[in-house]
Amino acid sequence: MPDLTHDDDAAAVNDLRSAVMRLSRRLKHQRVDESLSPTEMSVLGTLSRCGSATPGELARKEHVQPPSMTRIVALLEAKGLVSLEPHPEDRRQKVVTQTEQAESMLEQSRRKRNAFLAGLAEELDDDEWAKLKAAAPVLEKLAHL
């Protein structure tokens, strides 16, 4: 566990934050559909990973306020990327489901971003690549804490 009172741990946390932010920015530029905001793409990714959800559930998962998620879902629905159906148990709520068009666009986006990362990884030596592969599950855990 990092101890931010130690200079080397504090520096490592700072370096990690900086590297993740820079890489994230570069990946965001590898979008297939430039008309979608990063937040809209994130919502579609969440629906892809987690399945259908209510706008409230999506708001919690995406760390946004429910009224913001309602607007995002409306934009995605207008673009044909999600559909809204009545909730099976609570008719006051809706369930958001991604469409086939969204699935196809996400798959194209993943392929483009994976190709971009693979190109960067080609510049790593074998030891660096092994360390990066070993770090991937840890980074995934951090992303979901």
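**Notes on helix packing and the pocket**

1. Thr-39, Glu-40, Val-43 and Leu-44 of H2 are in contact with Met-69, Ile-72, Leu-75 and Leu-76 of H4. By class, the residues of this contact of H2 with H4 are six nonpolar, one polar and one charged. The model is a predicted one, and the points below should be read with that in mind.

2. The axes of H2 and H4, the latter spanning residues 66-78, come within 10 Å and cross at roughly 85°. An angle of 65 to 115 degrees counts as roughly perpendicular, and H2 and H4 are therefore roughly perpendicular to each other.

3. H2 also packs against H5, at an angle of about 105° and with the two axes 11 Å apart. This pair, H2 and H5, is therefore roughly perpendicular as well. On the H2 side the contact is made by Met-41, Leu-44, Gly-45 and Ser-48. H5 contributes Ala-102, Met-105, Leu-106, Ser-109, Arg-110 and Arg-113. The contact of H2 with H5 has five nonpolar, three polar and two charged residues. Leu-44 of H2 takes part in the contact with H4 and in the contact with H5.

4. The largest pocket has a volume of about 2,100 Å³. Its lining comprises 43 residues, and the closest to the pocket centre are Val-20, Ser-24, Leu-27, Glu-140 and Ala-143.

5. Which elements give two or more residues to the lining of the largest pocket? They are H1 (7-28), H2 (38-50), H3 (55-62), H5 (100-121) and H6 (126-143). H1 supplies the largest share of the lining, ten residues.

6. The lining of the largest pocket divides by class into 23 nonpolar, nine polar and eleven charged residues.

7. On annotation, an unreviewed UniProt entry places the feature "domain: HTH marR-type" at residues 13-144. Over residues 13-144 the chain is 68% helix and 8% strand. The end C-alpha atoms of that stretch are 17 Å apart.

Conventions:
Residues numbered from 1 in each chain as written. Predicted model: local features only at pLDDT ≥ 70, side-chain atom pairs only at ≥ 80, totals over all residues. Heavy atoms only, no water. 1 Å grid on protein atoms, 1.4 Å probe; cavity = no way out; pocket = protein on both sides within 12 Å on 5 of 7 lines; lining within 4 Å. Points joined across faces, edges and corners; volume = space filled by probe spheres on them. Helix = DSSP H or I, 4+ residues; strand = E, 2+ residues; numbered from the N terminus. Nonpolar A, V, L, I, M, F, W, Y, C, P; charged D, E, K, R; others polar. Axes fitted to C-alpha atoms, helices over the stretch in contact; angles between N-to-C directions. Parallel < 35°, antiparallel > 145°, perpendicular 65-115°, else oblique. Contact = heavy atoms within 4.5 Å. UniProt positions renumbered as here; feature names shortened; annotations may be inferred.
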